[in-house]
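Here is my note on the model you sent over.

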Amino acid sequence: MRNKKKFILVIMSLMVMSLWLAACGSNSNNEPAATEAPTATEASTEHKLKDALGNEVTIPANPQRILASYLEDHLVALGVKPVAQWSVQNGTQDYLKDSLEGIPTIAYDLPFEAVTSFNPDLIIMGGNSAVEGDKYAQYSKIAPTYTLGDEINADWRKSLLKVGEVLGKSDEAQKVLDAYELKAKEAKEKLQGVAKGESATAIWLVQKSFFVVSDKLSSGSVLYNDLGLAVPEVVKEISAVGTGNWNAISLEKLAEMDADHIFLINSDIDSGSEALKDPIWQAIPAVKNGKVYEFPNTTAWLYSGAIANSQIIDDVLKSVVK
């Protein structure tokens, strides 16, 4: 993702069209995050850190009531449960459902009254827009507020390490990242054994419209950067002019889709998935060859982080490596 702000804007615009953007599934036992991150030795005294916006933030000793909306993947990977979890009108990050069971929700735009009601002792924000205008001053009156900033927020690896630093869990964050990199490396080797040189893409169907993942962001980064699958020409073309994690693809371009494998995130299952009956979709080589792997919108494919990406890797291996 260029940044998570853009992704949330996509979610909201789709909701206006009566969509439900969800993603996720429950934590798998294969994840390097929650299963391999040891119990952390937290900072025993308060300390000061300068955030991305230049604010000197006093981080409390051993914060217990942490609010880090839309950064929950990192918290869970580090063995931390937030005081509240990110949500939109129709759902949460379902792939973290098991880990965040019983955690109350808070609206994605973090209303001041709602934040106050959870009595946090530390607030961690993602992108700059979350604290634009006088928002930072308002949030910092409620609790110490640390902003990652757009550059770090756009890179899940940097975000994980920075959240670890803020929470006094840098060693644990590095171990989580190392475990992920090892898993990705091993998965890439397996894929090279059965699908060397083959291409793939992730396509999201929602409200009879198709979106294709960016070649550098979200699950596209996993497919191409981490797993080494080839980028289809159509995906390259759309990504070059697109600005989001997922970019609209016309039926004409869909007809040119030259991917050997398609990972389909289907948000239209309940409404009948009518778009999948279109002759253009049916004529795509990967569809005719039975190389489409379908997942519901309650999986991790629309998100990013050590846990989300680990689940995506599992999905790819189960689909392609027989």
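1. The axes of helices α7 and α13 come within 10 Å and cross at roughly 15 degrees. Helices here are DSSP runs of H or I with at least four residues, strands are runs of E with at least two, and both are numbered from the N terminus. Axes are lines fitted to C-alpha atoms, for helices over the stretch in contact, and angles run from 0 to 180 degrees between N-to-C directions. α7 and α13 are therefore roughly parallel to each other; that label applies under 35 degrees, with over 145 roughly antiparallel, 65 to 115 roughly perpendicular and the rest oblique.

2. A word on the source: this is a predicted model, in which local features need pLDDT of at least 70 and side-chain atom pairs count only at pLDDT 80 or more, while totals for chains, interfaces and linings use all residues. Residues are numbered from 1 along each chain as its sequence is written, and side-chain values use heavy atoms, with hydrogens and water left out.

3. Which residues meet between α7 and α13? On the α7 side they include Val176, Tyr180, Lys183 and Ala184, and on the α13 side Ala306, Asn309, Ser310 and Ile313 are among them. Contact means heavy atoms within 4.5 Å. The crossing of these two helices, α7 and α13, is left-handed, a term for a near helix turned anticlockwise from the far one by less than a right angle, with clockwise giving right-handed.

4. Helix α7 also packs against α6: their axes come within 7 Å and cross at roughly 155 degrees. α6 and α7 are therefore roughly antiparallel to each other, and their crossing is right-handed. Contributors from α6 include Trp156, Arg157 and Leu160, while α7 brings Ser170, Ala173 and Tyr180, among others.

5. Now for the aromatic rings. Rings of Phe, Tyr and Trp (its six-membered ring) pair if their centres lie within 6.5 Å; planes under 30 degrees apart count as stacked, over 60 as edge-to-face and the rest as tilted. By this rule there are eleven aromatic pairs. In one of them, the rings of Trp156 and Tyr180 have centres 5.0 Å apart and planes at 90 degrees, so this pair is edge-to-face. It links Trp156 in α6 (residues 156-166) with Tyr180 in α7 (residues 170-195), 24 residues apart. Trp156 is buried at 6% relative accessible area, and Tyr180 is buried at 0%; buried means under 20%, exposed over 50% and partly exposed in between (1.4 Å probe, protein chains only).

6. How are the rings of Phe263 and Trp301 arranged? Their centres are 5.1 Å apart and their planes at 20 degrees, so the pair is stacked. Phe263 lies in strand β11 (residues 261-266) and Trp301 in the loop between β12 (292-296) and α13 (306-320), so the pair ties together parts 38 residues apart in sequence. Phe263 is buried at 0% relative accessibility, and Trp301 is buried at 0% too.

7. Finally, β3, β6 and β7 form an open sheet in the order β3-β6-β7, with parallel pairing. Strands pair if DSSP finds at least two bridges between them. The edge strands are β3 (66-67) and β7 (145-147), each pairing on one side only. Leu67 has Ile123 in β6 as its bridge partner.
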